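Subject: Structure handover

Hello,

Here is the structure I said I would pass on. My notes on it follow below.

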Amino acid sequence: MFRTVSNDGVRLWLNGALVIDNWTNHATKSDTAAAITLAKDQRYAIRMEFYDDTGAAVARLKLVKPDAAELHKGADGLMRLPGGATAP
């Protein structure tokens, strides 16, 4: 699943399909797209737009495995589980 954390508006597209649309002024919050099955060795076009009206600007994109710990992108570009283990 894809999750955004934003302050203010955010939109996320996957292969041209809008999967998150929260184009509003709001305090920092998370928005989660419906579960999407991704195929191994398949490339996906991901586009995220955001804006900040006032205050602190926040725009993060996260990949979350359903029913699992949230993954974080490491400095080396690999997705990692909390604690530093590389995600399968």
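Contact here means heavy atoms within 4.5 Å. Please bear in mind that this is a predicted model.

I began with D8, which sits in the loop between β1 (2-7) and β2 (10-14). Once its neighbours within four places in sequence are set aside, D8 is in contact with T24, N25, H26, Y51, D52, D53 and T54. D8 is buried but makes no salt bridge. The nearest side chain of opposite charge belongs to K29, and it is 11 Å away. A salt bridge here would need a side-chain nitrogen of Lys or Arg within 4 Å of a carboxyl oxygen of Asp or Glu.

Next, the strands that follow. β2 and β3 are paired in the antiparallel sense, over five bridges. V10 has N22, in β3, as its bridge partner. The hairpin that β2 and β3 form has two residues between the strands.

N15 lies in the loop between β2 and β3 (17-22). Its phi is positive, at about 50°, although N15 is not a glycine. N15 has a relative accessible area of 45%, so it is classed as partly exposed.

D41 is another residue to look at on the backbone. Its phi is near 65°, a positive value in a residue other than glycine. D41 is found in the loop between β4 (29-32) and β5 (46-50). With a relative accessible area of 75%, D41 is exposed, because exposed means over 50%.

Regards

Note on methods
Residues are numbered from 1 along each chain as its sequence is written. This is a predicted model: local features need pLDDT of at least 70, side-chain atom pairs count only at pLDDT 80 or more; totals for chains, interfaces and linings use all residues. Side-chain values use heavy atoms; hydrogens and water are left out. Helices (H or I, at least four residues) and strands (E, at least two) are DSSP runs, numbered from the N terminus. Buried means under 20% relative accessible area, exposed over 50%, partly exposed in between (1.4 Å probe, protein chains only). Lys and Arg count as positive and Asp and Glu as negative; His and the chain ends are not counted. Two strands pair if DSSP finds at least two bridges between them.
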